[in-house]
Amino acid sequence: MASSNGGIVGVDNPPVEQPVVITTFNSSGTLTTASYTTAIEYLIVAGGGGGGSRFGGGGGAGGYKTNVGGTPLTVTASTGYTVTIGAGGAGGVASGSSGTGGAGYGGAGSNSVLADITSTGGGSGGAGDSESMSGVTGGSGGGGAGRFATTGGLASPSGQGNNGGNGSGTPLGGDVFRGAGGGGAGAAGSNSTGTDNTANGAGGVGLENSITGSPVFYAGGGGGAGGAIAQSTNSAGGNGGGGDGSCTGATTGSDGTANTGGGGGGGAYIAPNNQVGKSGGSGIVVVKEPAGPYLASGVWDMNALYDNVKAGTWTS
């Protein structure tokens, strides 16, 4: 005789809990909620900004929004919600040789959206060889370029990230400069200084989130770029997918990591040419639907019991 039915006559049909559902969107799509879902947790990260070229600033991380650990978002069961994943911004162009005419800002990252909640794309890194090469505003701001004193882009709207670092215009000896880091979700981008190390112009760190069940960092800022003569170390991208900046001693910078919203690294000036800035990483949306109520076990009434015993189909 079955026992999991509380002593009611019938087959052993234990109650079943409706499962937690975690859905990760690496590209745009539609979230269709389960029949028992009335509230969700979410992580929404926009695309990171691209790094600027020629002593370029690192791209700012894509805007970061989450309600994990806070108030769940009310939704309607069995309903579709549009999800848009923001692309990372392109790296700044670098045509020709030295001079502002051959350098360009990076592109801004694109917004990521879940229903009516929007995370703002990261700001691009500053670029060029003039006094108008500050970082650009975004979810996190882009870093200022390095040749003259510049300012980092602001994080706007507030609450999604941090400002980009300032370019100091301080040479590392001779005609040698480095751009500042892009802002990250967890910290501002580092200002550039007259030193040659990975912390100089580093991208701001991102934030850790465990909505998928494992801790992952998202939305790190891109590192600034150096150039002119030998610099032995890249400016590091921020933990959370931020790309490294390039420099003469370590020429290969890196793009922001896909589906983290990391900013792209800045492009160097390696005589006689400007180097292309690196692209920002695409964004991501993750949704967690909590477990639903238990489904009641099946039970038999006496008529059904009699019919099944008579037919020889009864199992106890």
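Select Phe 55 and Tyr 269 to begin with: Phe 55 is buried, and so is Tyr 269, where buried means under 20% relative accessible area, exposed over 50% and partly exposed in between, with a 1.4 Å probe and protein chains only. This is a predicted model, in which local features need pLDDT of at least 70 and side-chain atom pairs count only at pLDDT 80 or more, whereas totals for chains, interfaces and linings use all residues. Residues are numbered from 1 along each chain as its sequence is written, and side-chain values use heavy atoms, with hydrogens and water left out.

Keep both rings selected, since the count comes to one aromatic pair under a rule that takes rings of Phe, Tyr and Trp (its six-membered ring) with centres within 6.5 Å, calling planes under 30 degrees apart stacked, over 60 edge-to-face and the rest tilted. Phe 55 and Tyr 269 form an edge-to-face pair, at 5.8 Å centre to centre and 65 degrees between the planes.

Then move to Val 83, which touches Phe 25, Ser 28, Gly 29, Leu 31, Val 113, Leu 114 and Val 285, not counting residues up to four places away in sequence; contact here means heavy atoms within 4.5 Å.
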